[in-house]
Amino acid sequence: MKIQRTVLVVDDNEINRLNLKLLLKDQYQVLEAGDLEKADAALSANRVDLVVLDLALPPEPDNPEIGMAYLLKLKKESPDTPVVVITGHDEHALAVRARKDGALDFFGKPFDPDEVQDTIDRAMESRWQQLREQELKRALDSRMGSELLGESAAMNELKELIAQVAPTPSTVLIKGETGTGKELIARRLHAESPRANEPFIAINCAAMSAEHLESELFGHEKGAFAGATKRKLGWFERASGGTLLLDEIAGMPLSVQAKLLRVLESGEFSRLGGESVICSDVRLLCSTKADLEQLVSTGEFRDDLYYRIHVVEVTASPLREHMEDLELLAARILVQKGLACGKQIEGFSDQVIEQMQRYSWPGNVRELENVIERAVVLSLGNTIEILPSLAGPHVAHESGDLLQQWFQQLPDSGIKGENAVADFEKQLLLIALDRNGNIKARAGRWLGFGDRAKDKMRYLCDKYGVDSQEDS
Ligand SMILES: Nc1ncnc2c1ncn2[C@@H]1O[C@H](COP(=O)(O)OP(=O)(O)OP(=O)(O)O)[C@@H](O)[C@H]1O
Ligand SMILES: [Mg+2]
């Protein structure tokens with residue numbers, strides 16, 4: 001699936017414009033401007049990925065300074081849009097100067113079609129590469145700095161609370177529904193603490209047996225249990241100086257709760273099967289989506305441990321309670337997912353935004369991320385016009401509609417032959433998963449695969465790199 005990229009050709013010579021258009025039109029959308037005023041108008045009315053600029057322009061077609069001045073203006077106003085200049089073949093010095101002033105490349109008149117094509121393709125590629133790098137860097141920075149997006153009252157309050165609590169050594173209990181950003185909050189608490197340059201480690205307490213979890217947390221000596229072939233340091237030791245997040249603390253087995261409580265009370269522990277006493281200096285954060293108070297009242301969670309970890313409480317709001325942030329979150333996620341898929345997608349249609357705003361988002365920001373990722377994979381143009389069916393009470397699109405819309409877009413999409421078959425297969429796969437809770441076997445049966453539904457689905461998911469669950 002290719003995204004339409006747009007080239008603006010600024011040249012007063014109509015024949016030149018026509019030649020360039022003929023040369024580039026199969027690959028790019030080509031806009032034309034015969035003078036600088038028209039160029040400005042085209043730039044403000046369109047998303048332009050690259051400008052081809054003739055230097056000799058009216059009102060003084062013999063004076064390349066007009067074009068040079070415009071180049072400077074372009075570089076100042078939109079520094080990220082690459083500019084390729086057209087010079088005469090004997091005007092090497094001019095080309096060198098244009099480069100110094102920010103032109104990415106140049107080609108000469110009369111046009112050599114291969115040279116022009118090469119130059120434009122290379123410039124376009126470098127622009128794309130640059131965007132990708134910026135986004136990767138931003139994603140990396142935000143992982144380190146763990147950026148919390150949102151400007152709603154709820155988010156601002158949350159950010160203030162974090163700023164207040166982060167510098168203290170207090171244990172924090174982070175509450176919130178699934179996908180609301182509890183782990184992100186934990187990272188933020190770490191990043192804004194004096195421990196920011198020390199390790200941050202998150203461990204899921206609900207995913208392991210008691211023995212395994214205990215050895216993960218506190219480590220073990222060689223021979224502590226069958227399979228303990230060498231000494232292993234636990235996270236309390238490895239995170240020393242830093243921050244340890246006990247994720248899903250409600251799922252911690254009672255025996256481990258007892259040991260954790262002792263460790264918190266004494267500040268000391270020993271490795272499984274070990275004698276020596278170890279002190280560790282970790283800042284402890286805990287998170288839960290379950291109602292801990294309820295679990296305390298039924299005896300499933302120790303009350304003494306609860307009071308220990310419940311020093312400061314931070315609650316992540318469900319997305320439906322800060323819908324003001326939806327558009328901002330969606331826009332940011334769209335850029336990330338688009339780049340990850342190699343698609344440059346500009347935004348959402350009004351209808352899609354409205355659809356997102358009406359939905360209740362039981363899976364919160366994570367669900368929003370998943371929905372947008374799917375929409376990006378399914379999209380053919382540079383705007384998201386269709387959302388995959390949403391799971392909750394406001395189901396908006398039946399998959400049949402989706403397929404039909406896909407078919408309608410096909411003639412303009414540039415997808416042909418084998419690619420169309422593969423693309424279709426992939427859409428169908430995604431739709432089947434979508435309608436069947438993302439579970440392979442169920443989706444396979446829905447597609448009528450019969451006995452070997454699961455195998456066939458596994459094959460297809462591998463083929464298209466689609467994530468799905470093995471079982472319900
Ligand atoms: N306010 C926010 N700004 C930016 N990204 C967010 C925000 N809230 C959540 N996210 C993103 O949503 C996804 C889910 O967040 P996270 O893993 O922190 O949720 P969680 O509450 O720990 O969920 P679970 O209970 O299922 O483990 C992450 O990719 C996270 O970056
Ligand atoms: Mg989490």
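Visitor: Which hand does the crossing of α13 and α15 have?
Guide: α13 passes α15 in a right-handed crossing. A crossing is right-handed if the near helix is turned clockwise from the far one by less than a right angle, and left-handed if anticlockwise. Keep in mind that this is a predicted model: local features need pLDDT of at least 70, side-chain atom pairs count only at pLDDT 80 or more, and totals for chains, interfaces and linings use all residues. Residues are numbered from 1 along each chain as its sequence is written, and chains are lettered from A and ligands numbered from 1 in the order in which they are written.

Visitor: At what angle do α13 and α15 pack?
Guide: About 50°, with the axes of α13 (residues 326-340) and α15 9 Å apart. Axes are lines fitted to C-alpha atoms over the stretch in contact, and angles run from 0 to 180 degrees between N-to-C directions. That makes α13 oblique to α15 (under 35 degrees is roughly parallel, over 145 roughly antiparallel, 65 to 115 roughly perpendicular, the rest oblique). Helices here are DSSP runs of H or I, at least four residues; strands are runs of E, at least two; both are numbered from the N terminus.

Visitor: Which residues of α13 and α15 meet?
Guide: From α13, L329, A330, I333, L334, K337 and G338; from α15, V365, L368, E369, I372, E373 and V376. Contact means C-beta atoms, placed from the backbone, within 7 Å. By class, the contact of α13 with α15 has 8 nonpolar, 1 polar and 3 charged residues. Ala, Val, Leu, Ile, Met, Phe, Trp, Tyr, Cys and Pro count as nonpolar, Asp, Glu, Lys and Arg as charged, and the others, Gly among them, as polar.

Visitor: Now the ligand. How many residues surround ligand 1?
Guide: 16, and the closest are L149, G181, K182, E183 and V365. Near means a C-beta atom, placed from the backbone, within 6 Å. The shell divides into 5 nonpolar, 6 polar and 5 charged. α7 (182-191) and α15 (364-378) each supply at least two of its residues.

Visitor: And where does ligand 1 lie relative to the domains?
Guide: Domain 2 (153-317) and domain 3 (322-464) both give residues to the shell, so ligand 1 lies between them. The bounds come from an automatic or database domain assignment.

Visitor: What about E248's phi?
Guide: Positive, about 55°, although E248 is not a glycine. E248 is in the loop between β10 (243-247) and α10.

Note on methods: Contact = placed C-beta atoms within 7 Å.
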